[in-house]
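Subject: Structure handover

Hello,

I am handing over the structure we talked about. Please open it first, then read the notes below it.

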Amino acid sequence: MKFIELKKHLSQQKDACYLLSGDDPFVLSSAIKAFEAIVELPEMNLIRLESPTAADIVNAALVFPMMSPFRLIVVEKFEKDAEELKKYLLSPSETTVIVIVSPTVTKNLSGIPALTVVDCSRLDGSVILSYIARECNSGGVNISQPAAQLLIDSCNRFMSRISVELKKLIAYKKSGVISSEDVAKLVNADPEYKVFELGDCLASGKGERALTILDDMLGGGSVAGVFGIIYKHFRQLLYVAVTQNDDDVRRNLGVNEYALKRIRAQAKGFSPKQLKSICDRLHKVDSDYKSGLISDKLAITTFALQVVNEGRK
């Protein structure tokens with residue numbers, strides 16, 4: 001089940017045990033709040049367990065709620081054997097709801113068949129746009145469509161960042177319309193967004209802009225980290241360029257539909273031969289600076305200029 005379906009689901013039924021899994025902390029937190037709303041007198045009927053055993057969870061679940069239709073058990077960092085929990089779920093309490101929070105599905109959780117999984121991954125762009133419009137309206141400002149999209153892209157669709165950056169933009173603007181210029185000025189773009197922008201510049205031969213982006217990326221983190229992001233990105237572009245089956249790409253690269261569309265769109269700016277050449281060049285750059293033949297920053301800068309110049313030939 002998607003996160004956006006959760007509120008309606010809870011209005012119709014309550015299952016015995018849920019697994020909240022996904023990569024956006026804001027969405028995970030919002031899902032937990034949706035569950036908290038089903039209990040009355042939370043000081044008595046809301047139990048939080050961290051790093052529990054399966055027996056701890058079951059013992060908490062067997063207690064009846066007090067003056068509330070449900071008792072809620074929120075579990076985090078559950079990494080121990082789940083056998084006792086599996087047995088409990090064969091005949092669970094009808095008045096207890098267990099919510100296990102785990103950004104990734106760990107091995108012990110993958111073997112529990114009775115879990116109702118709630119996908120708390122990054123939301124679709126259309127859902128985020130609606131959120132941005134509501135928040136701007138509440139704050140007494142408007143936002144242009146390009147600015148809203150730039151905010152989403154700059155934050156790599158992480159609601160945990162978008163919510164914070166949007167509050168900052170609303171406070172800065174106070175009234176009127178938030179523009180793309182405002183977003184570019186106030187929002188520090190996520191490295192994954194920057195590497196897409198870098199790819200666009202390299203594909204279109206915009207060497208000066210590519211160097212500006214690189215300088216910005218290098219100023220915000222280690223050279224090795226930046227190089228790793230760039231190298232990974234171009235390997236993904238090459239794989240997508242030579243692989244037509246979207247299911248294979250999603251499975252092997254571990255990307256969602258939104259990311260796949262962005263990668264495919266950018267890969268079309270290069271030929272497979274160019275992407276192979278870029279990956280080979282990145283491999284050589286990596287080897288050269290690790291061997292001390294060239295400084296790390298100079299190596300990355302030289303790579304960018306070579307790709308731009310090669311594209312102009």
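Start with two helices that pack together: α13 (residues 223–242) and α16 (residues 272–290) have axes 9 Å apart and an angle of about 155 degrees between them. Axes here are lines fitted to C-alpha atoms, for helices over the stretch in contact, and angles run from 0 to 180 degrees between N-to-C directions. The angle makes α13 roughly antiparallel to α16. On this scale, angles under 35 degrees count as roughly parallel, over 145 as roughly antiparallel, 65 to 115 as roughly perpendicular and the rest as oblique. The crossing of α13 and α16 is left-handed, a label used if the near helix is turned anticlockwise from the far one by less than a right angle, with right-handed for clockwise.

A word on where this comes from. The model is predicted, so local features need pLDDT of at least 70 and side-chain atom pairs count only at pLDDT 80 or more, while totals for chains, interfaces and linings use all residues. Residues are numbered from 1 along each chain as its sequence is written, and side-chain values use heavy atoms, with hydrogens and water left out.

Back to the pair. Contact means heavy atoms within 4.5 Å. On the α13 side, the residues that meet α16 include Phe227, Ile230, Phe234 and Leu238; on the α16 side, those that meet α13 include Leu275, Cys279, Leu282 and Tyr289. The residues of this contact divide into 16 nonpolar, 1 polar and 3 charged. In that count Ala, Val, Leu, Ile, Met, Phe, Trp, Tyr, Cys and Pro are nonpolar, Asp, Glu, Lys and Arg are charged, and the others, Gly among them, are polar.

A second pair is α11 (residues 191–204) and α15 (residues 257–267), whose axes come within 10 Å and cross at roughly 20 degrees. These two helices are therefore roughly parallel to each other, and α11 passes α15 in a left-handed crossing. Tyr193, Val195, Phe196, Gly199 and Asp200 in α11 meet Arg262, Ile263 and Gln266 in α15. The residues of this contact divide into 4 nonpolar, 2 polar and 2 charged.

Helix α15 has other neighbours as well. Its buried residues are Leu260, Arg262, Ile263, Arg264, Gln266 and Ala267, where buried means under 20% relative accessible area, exposed over 50%, and partly exposed in between (1.4 Å probe, protein chains only). The buried residues of α15 pack against α11, α13, α14 (246–253) and α16.

For the chain as a whole, there are 17 helices and 7 strands. Helices (H or I, at least four residues) and strands (E, at least two) are DSSP runs, numbered from the N terminus. The C-alpha trace spans about 75 × 50 × 35 Å along its principal axes. Of the 313 residues, 44% are buried. Among contacts between residues at least 6 apart in sequence, 72% join residues at least 24 apart.

How many disulfides are there? The count is 0, taking a disulfide as a pair of cysteine sulfur atoms within 2.5 Å. The sulfur of Cys136 is 13 Å from the closest cysteine sulfur, in Cys155, which is too far for a bond. Cys279 is in no disulfide either, as the nearest cysteine sulfur, that of Cys201, is 18 Å away. Both cysteines count as buried: Cys136 has 1% relative accessibility and Cys279 has 8%.

- Leu169 is in helix α9 (residues 159–173) and is buried, at 0% relative accessibility. Leaving out residues up to four places away in sequence, Leu169 touches Leu151, Ile178, Asp182, Val183, Leu186 and Val187.
- Ala189 sits in the loop between α10 (180–186) and α11 and is buried, at 14% relative accessibility. With the sequence neighbours up to four places away not counted, Ala189 touches Ser154, Arg161 and Lys194.
- Leu41 lies in the loop between α2 (25–36) and α3 (42–45). Its phi is near 50 degrees, a positive value in a residue other than glycine, and Leu41 is partly exposed at 30%.
- Lys77 lies in the loop between β3 (71–76) and α5 (83–88). Its phi is near 55 degrees, also a positive value in a residue other than glycine, and Lys77 is partly exposed at 49%.

Regards
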